[in-house]
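Work through the exercises below with the sequence and the 3D view at hand. Try each task before reading its solution.

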Amino acid sequence: MIAECPYCELKVDCEDKGHIDFDTGSGYPTKVVLLKCKICQKPLLGIAEMFQVDYEKWEWDAASRLWPDPEADINGTIPELVRNSLIEAKLCFKAKAYSACTVMCGRAIEGVCKHHDAGINSLATGLKKLRESGVIDERMYSWGEALRISRNLGAHATTEQINQEDAHDLLDFSIAICEHIFILNVKFDRFKQRQLGA
Ligand SMILES: [Zn+2]
């Protein structure tokens with residue numbers, strides 16, 4: 001059974017070490033399953049549904065991880081300074097501290113700016129620089145700007161409150177910006193290199 005292993009940071013094949021059928025009301029057979037990663041041998045807990053692959057043929061879909069908590073996962077290739085801020089932002093969100101969550105998202109993006117130019121001293125300048133140098137596009141720049149404005153509201157003693165929905169969106173934008181820069185850009189560069197080499 002396939003599941004995402006947080007230790008290997010990969011989708012891996014796992015051994016089913018025991019499971020319990022669980023009726024979620026979805027209409028599909030479902031099980032909660034104790035899994036063992038075949039690569040690192042570590043334990044995971046997942047939930048999996050069956051899906052129909054053919055007439056009268058059903059198969060188990062990949063398991064969604066229940067434990068270790070997938071919420072706290074931030075890709076390991078994101079630089080530590082940025083990664084730690086994103087993890088804290090997630091923890092703040094879980095604790096319903098939405099202003100603090102937004103402030104941590106701002107710190108993550110500030111980390112991204114500093115990673116590209118250590119001399120950057122404000123998020124506004126940093127975002128402009130990332131856009132000018134083509135690291136982020138116009139759309140991502142506008143996500144960053146929205147985050148910067150909310151971050152300022154969250155960080156200062158104003159009566160403005162950041163609600164759950166906005167905090168969640170800002171968290172998603174922050175993670176998307178970081179994944180775009182540190183994972184997808186790098187992947188795409190490697191892909192291009194391979195194409196040139198082929
Ligand atoms: Zn593993």
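**Exercise 1: a helix pair**

Task: In this predicted model, find which residues of helix 4 meet which residues of helix 5.

Solution, step by step.
- On the helix 4 side, pick out M140, W143, G144, A146, L147 and S150. Their partners in helix 5 are L170, F173, S174, A176, I177 and H180.
- Now sort the residues of this contact by type. Eight are nonpolar, four are polar and none is charged.

**Exercise 2: the geometry of the pair**

Task: At what angle do helix 4 and helix 5 pack, and how far apart are their axes?

Solution, step by step.
- Two packed helices are described by an axis angle and an axis distance.
- Locate helix 4 at residues 138-155 and helix 5 at residues 164-197. They pack at about 135 degrees, with axes 10 Å apart.
- That angle makes helix 4 oblique to helix 5.

**Exercise 3: an aromatic pair**

Task: How many aromatic pairs does the structure hold, and is the pair of Y28 and W58 stacked, edge-to-face or tilted?

Solution, step by step.
- The structure has four aromatic pairs.
- For Y28 and W58, the ring centres lie 6.2 Å apart. Their planes stand at 55 degrees, so this pair is tilted.
- Y28 sits in the loop between strand 2 (10-21) and strand 3 (30-37), and W58 in strand 5 (residues 57-60), so the pair ties together parts 30 residues apart in sequence.

**Exercise 4: the domains**

Task: Into which domains is the protein chain divided?

Solution, step by step.
- Domain 1 covers 2-71 and domain 2 covers 74-197.
- Their centres, taken over C-alpha atoms, are 31 Å apart.

Notes:
Residues are numbered from 1 along each chain as its sequence is written. This is a predicted model: local features need pLDDT of at least 70, side-chain atom pairs count only at pLDDT 80 or more; totals for chains, interfaces and linings use all residues. Side-chain values use heavy atoms; hydrogens and water are left out. Axes are lines fitted to C-alpha atoms, for helices over the stretch in contact, and angles run from 0 to 180 degrees between N-to-C directions. Helices (H or I, at least four residues) and strands (E, at least two) are DSSP runs, numbered from the N terminus. Angles under 35 degrees count as roughly parallel, over 145 as roughly antiparallel, 65 to 115 as roughly perpendicular and the rest as oblique. Contact means heavy atoms within 4.5 Å. Ala, Val, Leu, Ile, Met, Phe, Trp, Tyr, Cys and Pro count as nonpolar, Asp, Glu, Lys and Arg as charged, and the others, Gly among them, as polar. Domain bounds come from an automatic or database domain assignment. Rings of Phe, Tyr and Trp (its six-membered ring) pair if their centres lie within 6.5 Å; planes under 30 degrees apart count as stacked, over 60 as edge-to-face and the rest as tilted.
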